[in-house]
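Here is a note for a student who is learning to read a structure. Please keep the 3D view open and find each part as it comes up.

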Amino acid sequence: MDEEYDVIVLGTGLKECILSGLLSVDGLKVLHMDRNDYYGGESTSLNLIQLWKRFRGSDKPPAHLGSSRDYNVDMVPKFMMANGTLVRVLIHTDVTKYLYFKAVDGSFVYNKGKVHKVPATDMEALKSPLMGIFEKRRARKFFIYVQDYDETDPKTHEGMDLTRVTTRELIAKYGLDDNTVDFIGHALALHRDDRYLDEPALDTVKRMKLYSESLARFQGGSPYIYPLYGLGELPQAFARLSAVYGGTYMLNKPECKVEFNEEGQVIGVTSEGETARCKKVVCDPSYLPNKVRKVGRVARAIAIMNHPIPNTNDCHSVQVILPQKQLGRKSDMYLFCCSYSHNVAPKGKFIAFVSTEAETDQPEIELKPGIDLLGPVEELFFDIYDRSEPVNEPSLDNCFISASYDATTHFESTVMDVLNMYTMITGKAVDLSVDLSAASAAEE
């Protein structure tokens with residue numbers, strides 16, 4: 001261990017593993033350590049016995065739930081946009097050869113007490129019970145504008161500069177009502193609150209285009225994909241990638257103390273009396289708690305069920321977004337369900353998650369609107385965790401700390417954090433101009 005590295009990465013959460021893979025592919029000498037004896041950090045995947053240990057003490061899970069090892073319960077459940085940035089990173093690094101993906105069956109939104117399929121195209125807008133007949137026509141016009149919009153072709157801009165025009169102004173031009181705006185902003189563009197309405201509309205239009213392009217990619221019922229056996233597969237795939245390019249992995253390394261010189265710059269990491277020297281450290285907030293601040297908390301419930309979520313067309317994998325306004329909250333609530341069809345539970349079992357940014361100290365009460373949509377559950381677990389983000393200046397101390405995972409059940413915000421960190425560490429952007437068709441074979 002007594003060697004010099006370009007970068008030492010602490011923690012094997014998804015963000016740290018992607019960075020470790022990207023930096024190794026770049027030819028940097030990387031040492032990757034974790035105090036745990038398993039991969040994944042906060043974003044690990046648990047079998048049934050591990051789940052019981054974590055939430056029920058040392059209890060043995062009831063036999064009727066089936067074999068423990070048939071369960072892969074993600075602690076940070078998130079789906080991927082089929083055409084999104086994370087998929088581009090997976091293809092860019094060729095990690096797709098270690099993973100198998102399957103499309104997610106359904107994408108739904110909660111509106112006026114009911115669950116509805118999210119309409120994503122002008123044709124679906126015309127069929128959707130979310131809107132009355134006149135509103136459908138207006139929404140269809142707006143969807144066509146978004147589908148035809150091309151940043152490089154002013155003819156498609158209808159005289160509007162979307163870097164200046166706000167989303168609110170763009171939507172007003174099409175006369176859409178608040179109800180329609182709600183599902184477009186939260187279930188299609190995947191905004192987490194309503195701040196986007198007063199920001200330039202270009203971001204929202206791009207997000208809507210990403211949704212429809214992702215939906216078209218697999219002709220499935222949703223724009224999302226998800227790895228077989230759950231997200232626990234992702235950190236391990238990136239760990240393999242890093243090892244192929246000469247990265248060194250060490251699990252079960254206690255303490256992992258980051259060492260600094262007099263100027264406060266990182267010089268290495270000590271574990272079990274040995275110090276590995278390095279120029280830079282990449283880690284999750286738990287390894288440098290004095291360089292992060294708490295910015296919020298995530299509340300979530302995990303349910304084991306023997307049926308799909310009601311009113312979702314019997315989908316075996318599904319996301320339901322509950323926009324803040326529908327619940328009288330400041331932030332959205334997310335429902336995520338997957339099952340034996342993605343090999344995360346034994347046959348006939350479904351795992352559902354309800355998550356949101358905590359606004360009170362009572363997750364059980366706060367998550368009730370989401371839990372009420374699940375129907376009968378066999379087991380229910382509650383969890384609440386702090387969300388931290390870095391407050392250090394990486395250019396001074398050479399410490400690059402990831403932000404905690406948010407409450408969303410999709411990956412776009414997570415992967416933007418990774419790409420920004422990569423640019424801070426290397427001074428360049430990741431080249432994601434990849435051939436997306438190269439990945440289709442693994443995804444079938």
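**Notes on helix packing, sheets and an aromatic pair**

1. Helix H5 (residues 133-148) and helix H6 (residues 167-174) have axes that come within 9 Å and cross at roughly 125 degrees. An angle from 65 to 115 degrees would count as roughly perpendicular, and one over 145 as roughly antiparallel; H5 and H6 are therefore oblique to each other. On the H5 side the contact is made by Arg 138, Lys 141, Phe 142 and Tyr 145, and on the H6 side by Leu 170, Ile 171 and Tyr 174. By type, the residues of this contact of H5 with H6 are five nonpolar, no polar and two charged. Bear in mind throughout that this is a predicted model.

2. Helix H7 (residues 178-188) packs on helix H8 (residues 202-218) at an angle of about 70 degrees, and their axes are 9 Å apart. That angle makes H7 roughly perpendicular to H8. The crossing of H7 and H8 is left-handed. Ile 184, Ala 187 and Leu 188 are the H7 residues that meet Arg 207, Met 208 and Tyr 211 of H8. The residues of the contact of H7 with H8 comprise five nonpolar, no polar and one charged.

3. Helix H1 (residues 14-25) and helix H14 (residues 412-426) have axes 10 Å apart and pack at an angle of about 40 degrees. H1 and H14 cross in the right-handed sense. From H1, the residues Lys 15, Ile 18, Leu 19, Leu 22 and Leu 23 take part; from H14 they meet Thr 414, Asp 417, Val 418, Met 421, Tyr 422, Ile 425 and Thr 426. Sorted by type, the contact of H1 with H14 has eight nonpolar, two polar and two charged residues.

4. Which strands stand at the edges of the seven-stranded sheet? The sheet is open, its pairing is mixed, and the strand order is E8-E7-E15-E16-E17-E14-E18. Strand E8 (114-117) and strand E18 (379-390) are the edge strands; each has a single partner strand, so one side of each has no neighbour in the sheet. From one strand to the next, the twist averages 25 degrees.

5. Inside this order, E16 pairs with strand E17 (residues 350-357) over seven bridges, in the antiparallel sense. One place to look is Leu 335, whose bridge partner in E17 is Val 354.

6. An open sheet of three strands has antiparallel pairing and the order E5-E9-E6. Strand E5 (80-81) and strand E6 (101-103) are at its edges with a single partner strand each, so one side of each is left without a neighbour in the sheet. E5 and strand E9 (residues 224-227) run antiparallel and are joined by two bridges. Met 80 is opposite Ile 225 in E9.

7. The aromatic pairs come to a count of 13. One of them is Phe 79 with Phe 336, which is stacked, at 4.0 Å centre to centre and 20 degrees between the planes.

Note on methods: Residues numbered from 1 in each chain as written. Predicted model: local features only at pLDDT ≥ 70, side-chain atom pairs only at ≥ 80, totals over all residues. Heavy atoms only, no water. Axes fitted to C-alpha atoms, helices over the stretch in contact; angles between N-to-C directions. Helix = DSSP H or I, 4+ residues; strand = E, 2+ residues; numbered from the N terminus. Left-handed = near helix turned anticlockwise from the far one by under 90°. Contact = heavy atoms within 4.5 Å. Nonpolar A, V, L, I, M, F, W, Y, C, P; charged D, E, K, R; others polar. Pairing = 2+ DSSP bridges. Parallel < 35°, antiparallel > 145°, perpendicular 65-115°, else oblique. Phe/Tyr/Trp six-rings, centres within 6.5 Å; stacked < 30°, edge-to-face > 60°.
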